[in-house]
Amino acid sequence: MATVFMEPSTRTRLSFYYAMEKLGGKTVEFGSPKVSSTDKGESFEDTIRIIDGYGTDLIVVRHPSEGASKLAAEVADAKVINAGDGSREHPTQTLLDLYTIWRIFGKISGLKIGVLGDLRYGRTASSLAYGLSMFNDVKCHFISPHILKMKEEVLDRVKGKLDYEEHEDINSVMEDIDVLYVTRVQKERFPDSEAYEKVRNAYTINREFLEKTQSKTIILHPLPRVDEITKDVDDMPNSRYFEQAANGMMIRATLISEVLGLEI
Amino acid sequence: MATVFMEPSTRTRLSFYYAMEKLGGKTVEFGSPKVSSTDKGESFEDTIRIIDGYGTDLIVVRHPSEGASKLAAEVADAKVINAGDGSREHPTQTLLDLYTIWRIFGKISGLKIGVLGDLRYGRTASSLAYGLSMFNDVKCHFISPHILKMKEEVLDRVKGKLDYEEHEDINSVMEDIDVLYVTRVQKERFPDSEAYEKVRNAYTINREFLEKTQSKTIILHPLPRVDEITKDVDDMPNSRYFEQAANGMMIRATLISEVLGLEI
Amino acid sequence: MATVFMEPSTRTRLSFYYAMEKLGGKTVEFGSPKVSSTDKGESFEDTIRIIDGYGTDLIVVRHPSEGASKLAAEVADAKVINAGDGSREHPTQTLLDLYTIWRIFGKISGLKIGVLGDLRYGRTASSLAYGLSMFNDVKCHFISPHILKMKEEVLDRVKGKLDYEEHEDINSVMEDIDVLYVTRVQKERFPDSEAYEKVRNAYTINREFLEKTQSKTIILHPLPRVDEITKDVDDMPNSRYFEQAANGMMIRATLISEVLGLEI
């Protein structure tokens, strides 16, 4: 397996690595753009072709441009797994998100799930929406500031398959959801810091908020988190995001086995 | 095996890595200068001594300074392979270049080979000239702008052993060569961008050019390429540079076996 | 084993890697801060929790902040080894320093040991003082410019257990010591470059100095060195710092075995 990560990543990169170790295979890290020939202006396709030529079975791609993984799959003989491209999709994250929910509730169908934060640029939110739309009877609450609402193209794709509502206020839905999937809201998305601070305060999940609402809602987060979930939540029974991250390794090992047709 | 790469590299670094995996050995990457103690001002010799002290069998060196590999070989007990030093030499690249030509033609002696681009600072061109000078009856055409002509010291070393001509115009030799080895011409080598653009246009290999000359000439390139060979050439039968890159792994595995005295 | 190195390192990082290879285990490198999610503002604890969640047995931490390893040990189920934190301690370095001295003299008790350079900010010097204070009858000479004297908290901890004297002049003690442990003095520590140059000249160990003092004193250094020991010392019998660095691998393999309860 070769990992070609053109953006920073801890969780995804390492969990693929550990997954491959578990399966007894080897991983070659292409390395960050800085230590490789992309500095010399080489195209992404050429980089993929070269790595493919060395006889890699599987290439895992993380790239800032949308469609990079698709492009890689077109030029490579090796299998390609999309480990996040642009602000579009992050499908292996969704697999582990769904697996985590299923482990906790024993089902996905019938659940009520809130997705909070930057739904416009956060690729995990889009991918989760696609994933949830494949199950029956899921109710989704998309909670975001107006300028970070789920993209129209995402809503169009899930329309008719997923029952959803859009909200700006977290409080109105908190009592009604089984899972709250929190994502980070980045300062850069806002015109001024006042607008950002307002959103940040409204969307921060802390112990006081969870105790006040007496919520049993499970809190998930794709991580890394900065301060959208405060540390005092970590030891509450609601918080399952570290368990969620740990699931990433097993899910990716399973995916690799499937993709390569391994017997395990 | 330890890889000590003080310059960016994809092909060379990864193909050594894959080669060692094929042979069942382990590779330690020293990492880029940024993540290692060279930041603290440690000398290259000291770095090599330390790595050698840990019991490495083989050290592969890529370094921007000429003679770095030789220096490493002097201070280390381990075997050292030069994976490119300064603008001087890149011998393992030449091994794979020669192997690729031999695989295509079944011979090297008797061939007519054009070498195009930056022959002054491009270490692959110098090394290829040395390599070709070891075969009988090879005719070389060195094609470059005047300011990027092959260095006198290189010409001196091959004189009498290699039959060569120097050209500035690619068109005059295109019909007469079996192989065209293209290298990149970097903008920084030129006094102004006008001079650069002129050369770039004259030396770009594209589909139109190859179709016009009805050339069956095999096109090779050490890669990475930027735009000196356009993408529309990739699927023409002339283009063999991705196959050439893929050969790098087997050639390096063979070299490692030889150097370490492995039986394979 | 996962190595989490938040500061540049050659020796320590590689020697842990080689040590784990020797023991037949696998190493995952978290990578430099630049290629990982710490760029996105993730806390160190979260990073450790994630890595721990993937089922790592051992986490090796190098961090610029004091107490980082302790924090990691608190949040992780895996064992944690401190590979240097802030300007406070570097215990595995001390293990190899003591081992090197013991290999040369067959003992540590009864020896007279000079420690030279930046004793204030150099974590190897503090850790060595703690280590030596555990042996009987060791005499220590701490030699440094006034502003880089050993910290009070370090002196307080060894007081009564270690017989030490403080000096500013190296010449006065040179005849009386078995080992001189040299550390780097960094320019940034001084108010102006004149003050720095004065210290640098006074504290540089070169061939002339060693020959003049007819010293048989063993010269050690945690490395990397810049010019505080000149190259013309490298082939004198006094110099044992490359051997010292090489010992790092075996010492760390032994430590890993102990920590993980391996039988070797």
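The legends below describe close-up views of a predicted model.

Residues are numbered from 1 along each chain as its sequence is written, and chains are lettered from A, with ligands numbered from 1, in the order in which they are written. In this predicted model, local features need pLDDT of at least 70 and side-chain atom pairs count only at pLDDT 80 or more, while totals for chains, interfaces and linings use all residues; side-chain values use heavy atoms, without hydrogens and water. The pLDDT is the predictor's confidence in each residue, from 0 to 100. Chain A has a mean pLDDT of 92, and 96% of its residues reach 70 or more. The model has ipTM 0.88 and pTM 0.89.

**View 1. Ser87(A) lies in the loop between β4 (79-85) and α4 (91-105) of chain A.** Helices (H or I, at least four residues) and strands (E, at least two) are DSSP runs, numbered from the N terminus. Ser87(A) counts as buried because its relative accessibility is 18%; buried means under 20% relative accessible area, exposed over 50%, and partly exposed in between (1.4 Å probe, protein chains only). Its side chain makes a polar contact of 3.1 Å with that of Glu66(A). Such a contact is a pair of N or O atoms within 3.5 Å; within protein, one must be able to donate a hydrogen and the other to accept it, and residues adjacent in sequence count only if both atoms are side-chain atoms. Beyond four places in sequence, Ser87(A) touches Glu66(A), Tyr121(A), Arg123(A), Ser126(A) and Lys151(A), where contact means heavy atoms within 4.5 Å.

**View 2. Gly67(B) sits in the loop between β3 (58-63) and α3 (68-75) of chain B.** Gly67(B) counts as partly exposed because its relative accessibility is 25%. Leaving aside neighbours within four places in sequence, Gly67(B) contacts Asp85(B) and Arg88(B). The C-alpha atoms of Gly67(B) and Asn82(B), 15 residues apart along the chain, are separated by 9.3 Å.

**View 3. Helix α2 (residues 44-53) of chain C is mostly covered, with eight of its 10 residues buried.** The buried residues are Phe44(C), Glu45(C), Asp46(C), Thr47(C), Ile48(C), Ile50(C), Ile51(C) and Asp52(C). These buried residues of α2(C) pack against α1 (11-22) and α9 (241-260) of chain A, and against β1 (2-5), β3 (58-63) and α3 (68-75) of chain C. Just after α2(C), Gly55(C) has a positive phi of about 90 degrees.
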